[in-house]
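Here is a brief report on one protein model. Keep the sequence and the structure in view as you read.

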Amino acid sequence: MVATDLPTWKTACKAEYDDYFAYRFLYKYRNYIQHLGLPLSSGSVSGGIDEDGRIVGRIFLGESPEHLVAEYKRWGTVGRELESLTTEIDLSEQIHVSVECLLRIAEALLREDMPELDASVKTYKAVIGDLDSYDGEPVLLRRKSSQHPRTFEISTLDVGRYRMAEEIVSSQQHNMP
């Protein structure tokens, strides 16, 4: 199954795009960078010591909305939003918000795929049993075709992927209300 065939995933992507300027902006900004390069209108580094005596720092990477609109014409509706801005865009802030959007999209995809992933883990457990009892990796054998009944493909189970699937299913079961 291809991710674009998943209605929940598509809906989640659209919702994040519609609801968050940062997501829309970075979606288009990536195209800007591909076509024109990384402009970076301004940047600064600041730092100091916080109340606990730790060294803290901040990097500001700024983008001029006016410059972006003047240099690139493929912003779509984001262009109107850029034209309305009066201060530089803090790229770190936009990235932070976009990562939160991407996490929500990933959660939607996980919810969509969870029944299939859960069924797959249960099937593997039923067929293979306890992986901890294996020395090495379990071997999978598959008949290539019914026309050649003695011709097989041999592969090993990717134990790492299986364990990751197991952990995802387990963590989702613990997080359910």
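Where is the place of L40? L40 sits in the loop between helix 2 and strand 1 (42-49). Helices (H or I, at least four residues) and strands (E, at least two) are DSSP runs, numbered from the N terminus.

## Basis of the model

This is a predicted model: local features need pLDDT of at least 70, side-chain atom pairs count only at pLDDT 80 or more, and totals for chains, interfaces and linings use all residues. Residues are numbered from 1 along each chain as its sequence is written, and side-chain values use heavy atoms, with hydrogens and water left out.

## Surface patch and sheet

L40 is partly exposed, at 33% relative accessible area. Buried means under 20%, exposed over 50%, and partly exposed in between (1.4 Å probe, protein chains only). L40 belongs to a nonpolar surface patch with L38, V45, I59 and L61. Together they have about 460 Å² of accessible area, by the Shrake-Rupley method with a 1.4 Å probe, where only the protein chains shown count as cover for residues. Patch residues have over 30% relative accessible area and no salt bridge; nonpolar side chains (Val, Leu, Ile, Met, Phe, Trp, Tyr) are joined within 5 Å, like charges within 9 Å.

The open sheet has 3 strands in the order 1-2-3, with antiparallel pairing. Strand 1 and strand 3 are the edges, each pairing on one side only. Two strands pair if DSSP finds at least two bridges between them. Strand 1 and strand 2 (residues 55-63) share 8 bridges. L61 in strand 2 is the bridge partner of G43.

## Helix 4

V78, G79 and L82 are the buried residues of helix 4 (residues 77-84). They lie on the same side because they cover an arc of only 105° around the axis. That arc is taken from the directions from the helix axis to the C-beta atoms. The face turned away carries exposed R80, E83 and S84.

The buried residues pack against helix 1 (7-19), helix 2 (21-36), helix 3 (65-71) and strand 3 (89-90). Contact means heavy atoms within 4.5 Å.

## Salt bridges

The whole structure has 10 salt bridges. Each is a side-chain nitrogen of Lys or Arg within 4 Å of a carboxyl oxygen of Asp or Glu. E16 and R104 form one of them, at 2.8 Å, N to O. E16 lies in helix 1 and R104 in helix 5 (residues 91-128), so the pair ties together parts 88 residues apart in sequence. E16 is buried at 8%; R104 is partly exposed at 30%.

K122 pairs with D118 at 3.1 Å. They are 4 residues apart in helix 5, about one helical turn. K122 is exposed at 52%, while D118 is buried at 18%. D50, D52 and R54 form a salt-bridge network.
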